[in-house]
Amino acid sequence: MTLVLILILVPFAAGLGLLCLRPDYLRRILVGCTTLAVCGCALALARLPTPVNLEAVPLNHHWINVGMMLIEIGMGLYVIYVGLRAKHPLIVALMLAQAGLMGWFELTQGSHLEAAQNLFVDKFSVIMALINGVVGGGICLYALGYMREYHEVAHRDIADRRPLFFALLFVFMSAMFGLVFANNLKWLFFFWEITTLCSFLLIGYTQTEEARRNALRALVMNLAGGLAFALAIVWFYKQAHSIELQVLIASKQSLVLLPAALLCFAGITKSAQLPFSSWLLGAMVAPTPVSALLHSSTMVKAGVYLVLRMAPVITGTKVGLLVAMVGGVTFVVGSLAAITTSEAKRVLAWSTIANLGLIVLCGGIGTYEAVWAGVLLIIFHAVAKCLLFLCVGVVEHKLHSRNIEDMSGLILRMPRVAVMMLIGMAGMFLAPFGMLISKWAVLKAVVDANPLLSVFIVFGSSATLFFWVKWMGKLVEVVGSCERVKKELVLGESVALYGLSAATFLTCLLFPLISSRFVEPYVVDVYGQSASLSQGNIIIMTIMMAMVMLFPFSFISYGHGVKVVDAYLGGANVNSSVRFLGSASEVENVTMHNYYLRSLFDETWLSRWGVIGSAVLLAVMLVMACL
């Protein structure tokens, strides 16, 4: 119980402290100490047997509920103020509907809204806590150096509001810990809404017109999910007279199918599935630590966490099938859209949306094999994608561009960062790295449960392979001599990137241990059985991993002593390795560009039809849940 309280309260207290701290050296000390404390507590919690009895330490739940209610009222008033100031009536309407529903619920049922267990820790909670603490902590360390350079070098025209920025990061982290440990649905909803408000403020950090517009879009879509969440709580209490998540999961489908469908809808909005993906793409306007925080370790993972929690309820139902189809459509559309853009952060955003779609597909199928694969996907995606986002942020600062075409020869210009990007990309799709293992497990689970859904996985995975390979090719492509960038990384960036690189590799290397220690026990607790890889497959993959270990080491000193010679151009070179004599004796420059296949399909077309298709599926899902 003490560890859980520390994980929730320490980041929150640090956030309040950071809001008041101006000196940069004091900020670095507080961020570093808080990150170490959070990581240490998360690791200590992982060593405890689960489920953990969290009622050993008595809490005054009445005053906690009162405090939460007051904070919710304050957040609601602020959101209404934001909507009025922005002349955005939909924000005001959604907030009033949500506040009115929960206010009525409190007034009419308040004396009965007690949970036998407000907090709950199982293996899934521990996995999410480790991701939030370790990956989220790495993002906070990285942000120290990044935000200093962001304001002092790259964006001097933007107001320096770093105290607010770091305060929001840690309040966000605190809310995520509360979210994954909450068993009381009212408490879960409270933390859910804090993440919504923090994400709105972080996306709009720069206060430009584009940032404000994208922040408002994110707020609208997440408020829609919040309203569905509130409806789920009220409906479930009317049916079962309980507000406990574990009771909902264990209840009969006929009683809780509609609340489960509404919670899946909330999870789909938070995880930026189609038709709500635009808010996550718009979040790219924020500084890179925000992108990494929202896309990898926390915000979007809250959505898929809730969907996977609902998996035992919706498995084998029409609601589950439609949730799986929404995830499948998002996976295919997101993967194809990532092919068509050359902006690095947008590729990562679409890739995130696509991979989350695959996790939602697992939750919709809901079998023990699918849930096992879905949890593994969460783990592998969190570390590898966070690493890639942070690397792209460094490259953008040094090269003043985040266009993939401008990253040609990065292995010579920024060899350390390039190697770490290659590790992150390998973790996303290359055998025997984790994401490929998870996708194989997803495919097997889908074939066993509903073979028709395997079409989504086949086409989406093929597109995934295409856009990762062409980006990796750009990093190692050498056309001419390149000038190396001086001082690639500052201290905070180095700690975060090297740590995440090691975490990506170790997660992939030790995944059988992670599966047996954390994932399989959770699946067994829920379903009574679990999936796992055979001993032979584990041995083969271990051998492959040992061979892959040689890959990054070959690039460590790539920029030293490498002689770039002229490319052979049929004997027509002209005083340079990148110029040749073309037709009509014209001197031409050698250029290489990736394929983006925009003549076949473009991002706008894919988004439009993806939004239409997924919106229809969600509407049908809610109708089926009501029948």
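Contact here means heavy atoms within 4.5 Å. The model shown is predicted.

**Close-up 1. Helices α13 and α22 pack at an angle of about 35°.** Helix α13 spans residues 299-314, and helix α22 spans residues 511-527. Their axes lie 11 Å apart. The crossing of α13 past α22 is right-handed. From α13, Leu308, Arg309, Ala311 and Pro312 make the contact. They meet Tyr522, Val526 and Tyr527 of α22. Six residues of this contact are nonpolar, one is charged and none is polar.

**Close-up 2. Phe124, Tyr305 and Tyr522 form a cluster linked by ring pairs.** Tyr522 also belongs to the α22 side of the contact with α13.

**Close-up 3. The rings of Phe265 and Phe276 pair edge-to-face.** The structure has 15 aromatic pairs. In this one, the ring centres are 5.5 Å apart and the planes stand at 85°; planes over 60 degrees apart count as edge-to-face, so the pair takes that label. Phe265 sits in helix α10 (residues 253-270), whereas Phe276 sits in the loop between α10 and α11 (278-282). The pair therefore ties together parts 11 residues apart in sequence. Phe265 is buried, at 15% relative accessible area. Phe276 is buried too, at 12%.

Close-up 4. A disulfide would need the two sulfur atoms within 2.5 Å. For Cys386, the nearest cysteine sulfur is that of Cys391. The structure holds zero disulfides. Cys386 is buried, with 0% relative accessible area. Cys391 is likewise buried, at 0%.

Conventions. Residues are numbered from 1 along each chain as its sequence is written. This is a predicted model: local features need pLDDT of at least 70, side-chain atom pairs count only at pLDDT 80 or more; totals for chains, interfaces and linings use all residues. Side-chain values use heavy atoms; hydrogens and water are left out. Axes are lines fitted to C-alpha atoms, for helices over the stretch in contact, and angles run from 0 to 180 degrees between N-to-C directions. Helices (H or I, at least four residues) and strands (E, at least two) are DSSP runs, numbered from the N terminus. A crossing is left-handed if the near helix is turned anticlockwise from the far one by less than a right angle, and right-handed if clockwise. Ala, Val, Leu, Ile, Met, Phe, Trp, Tyr, Cys and Pro count as nonpolar, Asp, Glu, Lys and Arg as charged, and the others, Gly among them, as polar. Buried means under 20% relative accessible area, exposed over 50%, partly exposed in between (1.4 Å probe, protein chains only). Rings of Phe, Tyr and Trp (its six-membered ring) pair if their centres lie within 6.5 Å; planes under 30 degrees apart count as stacked, over 60 as edge-to-face and the rest as tilted.
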